[in-house]
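My entries follow in the order I made them.

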Amino acid sequence: MRMSKRMENLQPYLFVEINKKIAERKARGEEVISFAIGDPDLPTPEHVIDKLCQAAQEPANHRYPETAGLPELRQAIADWYHKRFGVSLDPGSEVLPLIGSKEGIGHIALCIIGDGDITLVPDPAYPVYSISTMLAGGQTYHLPLTAGNNFLPDLDAIPQEIVNKAKLMWLNYPNNPTSAVANIDFFNRVVQFARRHSIAVCHDCPYSEVSFDGYRPVSFLQADGTREVGIEFHSLSKSYNMAGWRIGMAVGNADMIDALMRVKSNLDSGVPQAIQYAAIEALNGPQNCIAEHNAIYQRRRDLIIEMLSDMGLEVQPPKASLYVWAKVPEGYTSVEFANDLLEQVGVVVIPGTGYGKYGEGYVRLSLTIPDAALVNGLSRLAGWHDTKRPFKPKK
Ligand SMILES: Cc1ncc(COP(=O)(O)O)c(C=O)c1O
């Protein structure tokens, strides 16, 4: 079969490969403990499922949805943004439901990027930002995220000729994979930079509700003048454990929302309506599930941090996100360390380089691992450490 040229540059998605490796081992009868994907293991809240079941019985919801989504859903998203961040949105022009935020993140590149245009993408980062740029015919310029700059891009370090050609910039806080957070001062600087150079900003914010120790992440839309330069992507996947239902949203700059709506309405037919009703219930209904989930994730975070620290790995407890970003032991690359854990003790972690070359020296562990598997995984890590002892434990 003769495929398009762009397929030559399109590798299988990171997790497709990782899941294949896990499946092969399971087929050989090996038990694998995975700290890999950030896919909430906790169930969708009961009242949301009840609404979904009820809506599924309604024949009106068996028909095609509108790409723009139900007006009630757009209103619920606007209300939620106001309650949560104090941000006012026009539900008619500044809100667009998505079939999971990944869908919109993929499609927005088609709205802004053409042949040879540049997208500024953090490194390490969620792979879809660069892949969608490539599919749209553009090129990615990587913005290094390092411990030295608190995993925030250094906007002043971008060469002038790149700034001149850049049309789009991606940001993501709380960050996947580094778990770093950003404050409003940083977002204000981003808005000024974007205005100065006419660069559209997409802030990807699916982890704003997953936070610990009382920390509350901010929205990009809380910065001054954001609405002139950008949009924010949000998701119900992590906030309400709804990853399997596929629903998210884009909010902000009306021109970008309109362009995304135009692309989408030509390619997809929107979010199934029963799922839209479930999302309305999640956004408008009781919010105590968020604190309950975070308490569970925080306990897991603490157990993982304790174990990794005992192993002598350098690691900061994350304030938010579903991830622990840990330095690999001296003498290992990210891939070598991840492979060693898999080969020796059947534990899956993601090598930092899966998210870009600046992820070298790190691995990512997800907090979305059920408690029994977590305990098993941690004791395997302890076992690995006991047999190897390739580096000195801190304690
Ligand atoms: C940074 C980031 N953005 C977007 C997504 C996609 O979320 P959704 O389930 O809404 O498509 C993920 C999923 O893991 C993510 O980590």
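I count two strands as paired if DSSP finds at least two bridges between them. Helices (H or I, at least four residues) and strands (E, at least two) are DSSP runs, numbered from the N terminus. The model is predicted: local features need pLDDT of at least 70, side-chain atom pairs count only at pLDDT 80 or more, and totals for chains, interfaces and linings use all residues. Residue numbers start from 1 along each chain as its sequence is written.

**Entry 1: the mixed sheet**

I began with E6 and E7. Strand E7 covers residues 230-235 and pairs with E6 in the parallel sense, over 4 bridges.

On its other pairing I followed E6 to E5. Next I took E3, residues 118-123, which runs parallel to E5 with 3 bridges between them. Ile118 has Ala166 of E5 as its bridge partner.

What is the order of the strands in this open sheet? I read E2-E8-E7-E6-E5-E3-E4, 7 strands with mixed pairing. Strand E2 (95-98) and strand E4 (139-144) stand at the edges; each has a single partner strand, so one side of each is left without a neighbour in the sheet. Ignoring direction, neighbouring strands are turned by 20 degrees against each other on average. For such angles, axes are lines fitted to C-alpha atoms, for helices over the stretch in contact, and angles run from 0 to 180 degrees between N-to-C directions.

Is E5 mostly covered or mostly uncovered? I find 6 of the 7 residues of E5 (166-172) buried, so I call the strand mostly covered. Buried means 20 or more other C-beta atoms within 10 Å of a residue's own, exposed means 12 or fewer, and partly exposed lies in between; C-beta atoms are placed from the backbone.

Helix H4 (residues 101-112) touches E2, E5, E6, E7 and strand E8 (248-252), and its direction makes about 160 degrees with that of E7. A contact here means C-beta atoms, placed from the backbone, within 7 Å. Helix H7 (residues 184-197) lies across E5, E6 and E7, at about 170 degrees to E5.

How do the axes of H4 and H10 cross? They come within 9 Å and cross at roughly 105 degrees, with H10 at residues 254-267. That makes H4 roughly perpendicular to H10. Angles of 65 to 115 degrees get that label; under 35 is roughly parallel, over 145 roughly antiparallel, and the rest oblique. H4 brings Gly104, His107, Ile108, Leu110 and Cys111, while H10 brings Met256, Ala259, Leu260, Val263 and Lys264. I sorted this contact into 7 nonpolar, 2 polar and 1 charged residues. Ala, Val, Leu, Ile, Met, Phe, Trp, Tyr, Cys and Pro count as nonpolar, Asp, Glu, Lys and Arg as charged, and the others, Gly among them, as polar.

In helix H2 (residues 46-56) I found Val48, Lys51 and Leu52 buried. Down the axis they fall within an arc of 100 degrees, so they line one face of the helix. The arc is that of the directions from the helix axis to the C-beta atoms. Glu46, Asp50 and Cys53 are exposed on the face turned away. Helix H11 (273-284) is included in what covers the buried residues.

Leu73 lies in helix H3, residues 71-85. It is buried, with 25 other C-beta atoms within 10 Å. Leaving out residues up to four places away in sequence, Leu73 touches Pro97, Gln276, Ala279 and Ile280.

**Entry 2: the three-stranded sheet**

I then turned to an open sheet of 3 strands, in the order E9-E12-E11, with antiparallel pairing. E9 and strand E11 (350-351) stand at the edges, each with a single partner strand, so one side of each has no neighbour in the sheet. E9 pairs with E12 (residues 362-366) over 5 bridges. Trp325 is bridged to Arg364 in E12, and Ala326 stands opposite Val363. In E9 (residues 323-327), 4 of 5 residues are buried.

Definitions and conventions:
Contact = placed C-beta atoms within 7 Å.
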